[in-house]
Amino acid sequence: MGIARCLGCLALHHNSAIGPHGHMAVSAMGHHANIIQQFRLGIGRRWLSSISWIPPEGHDTGVTLYNSAIKSKVPLKTIHPGLLTWYSCGPTVYDSAHIGHALSYVKFDIIRRILSRIFGLNVVMVVGITDIDDKIIKRAKELNVNFKEITELHEQEFFADMDRLRVLRPSLAPRVTEYVPHIISFVQGIIDRKLAYAVNDGSVYFDTKAYGRYGKMSPLDESLDMRGAGIKKSARDFALWKGAKGGEPSWDSPWGRGRPGWHIECSAMASHILGTQLDLHSGGIDLLFPHHENEEAQCCGYHGCHQWCNYWIHTGHLHTKGTEKMSKSLSNTIGIQALLEQHSVNTFRLFCLLSHYRNNVHGSSKGAPEADTLLSS
Ligand SMILES: [Zn+2]
């Protein structure tokens with residue numbers, strides 16, 4: 001396993017001006033070698049079980065990648081030979097995408113192209129579209145329109161922006177509102193396994209204590225005030241189904257009218273399309289906890305397995321000033337249209353290659369001029 005076979009480094013290796021990443025890769029390789037050595041000595045399983053990740057017994061791809069679930073580089077082995085199933089959390093379509101989103105999707109697009117074109121994997125990528133949630137309902141109320149008018153407009157705009165950025169279209173892009181029956185069935189399955197419970201207002205919560213392995217991807221916040229559970233059994237329990245409030249879009253369910261919780265949608269759609277186990281799951285680093293922790297927990301609960309997704313990859317954030325993340329909630333975003341008025345698509349894509357996909361990127365970076373210079377040299 002040389003540095004050239006490391007997925008995180010591959011994108012960076014074509015230009016020596018890019019920085020000292022080689023040093024980081026060597027040190028990570030040392031750590032990786034240490035894990036392999038532990039396996040040879042027969043202590044790897046015990047060591048890994050302490051962090052609750054099981055190395056898949058699949059088909060070796062020759063790639064190593066950094067798995068966020070284990071915080072280390074590991075060999076990428078797929079469930080099926082030559083096929084990689086990949087689920088990516090997609091946009092919540094209540095507003096326009098900004099360059100923070102662009103950065104993340106372009107970086108994943110580069111990884112996808114490397115896996116398919118250099119390593120010959122048939123990548124099946126599913127990107128979930130969140131077309132019902134609190135922000136969408138709020139925006140529809142503000143504009144006094146049906147929520148579908150908001151979501152259809154911004155979904156179209158999202159894919160038009162991604163086309164402009166030359167991000168390959170996903171194999172499938174399921175919408176939450178078209179999967180409500182599957183989601184209801186998924187929630188019922190978790191209840192049947194006694195890992196979820198309904199409460200008086202028609203909501204259903206995942207029972208983290210009954211599950212018993214909650215927190216396997218991220219250390220739990222021990223300072224969490226457990227008295228703040230309210231109608232839940234534990235403050236850590238999370239909604240699988242939200243009982244309807246007046247005037248909100250809602251669907252019939254065994255627990256009364258309501259709508260899916262955010263976390264369950266990805267699990268139900270990914271499981272329906274890609275099966276009971278997944279090779280790879282991606283998203284921005286802010287999704288690692290609680291969203292991805294919850295996805296893994298509810299899928300393991302539903303499928304009755306110890307590990308649903310084998311590999312997790314996360315991109316860093318785009319910071320505007322200091323450590324402030326570019327985010328719609330902070331009103332500090334720059335739209336993709338505005339970006340492309342100032343820079344070419346190639347400049348932006350090369351800018352994405354100038355930093356490791358896991359690193360945070362600073363908006364004040366000299367990266368764009370550097371990318372321009374590299375392109376013209
Ligand atoms: Zn998701």
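**Notebook: helix H9 and its surroundings**

I looked up helix H9 (residues 262-274) and found that its 13 residues reach 19 Å from the first C-alpha to the last, close to the 18 Å expected at 1.5 Å a residue, where the expected span is 1.5 Å times one less than the number of residues. I note that this is a predicted model, in which local features need pLDDT of at least 70 and side-chain atom pairs count only at pLDDT 80 or more, while totals for chains, interfaces and linings use all residues. Residues are numbered from 1 along each chain as its sequence is written. Helices here are DSSP runs (H or I, at least four residues), numbered from the N terminus.

I then checked burial (buried means 20 or more other C-beta atoms within 10 Å of a residue's own, with C-beta atoms placed from the backbone), and eleven of the 13 residues of H9 are buried, among them Trp 262, Cys 266, Met 269 and Leu 274. Just after H9, I find Gly 275 with a positive phi of about 100°.

Next I looked at packing: the axes of helix H7 (residues 180-192) and H9 come within 9 Å and cross at roughly 100°, the axes being lines fitted to C-alpha atoms over the stretch in contact and the angles running from 0 to 180 degrees between N-to-C directions. That makes H7 roughly perpendicular to H9, a label that covers 65 to 115 degrees. From H7, His 182, Ile 183, Phe 186 and Val 187 make the contact, and the partners in H9 include Ile 264, Ala 268 and His 272, with contact meaning C-beta atoms, placed from the backbone, within 7 Å.

How values were computed. Helix = DSSP H or I, 4+ residues; strand = E, 2+ residues; numbered from the N terminus. Buried ≥ 20, exposed ≤ 12 C-beta atoms within 10 Å, placed from the backbone. Parallel < 35°, antiparallel > 145°, perpendicular 65-115°, else oblique. Contact = placed C-beta atoms within 7 Å.
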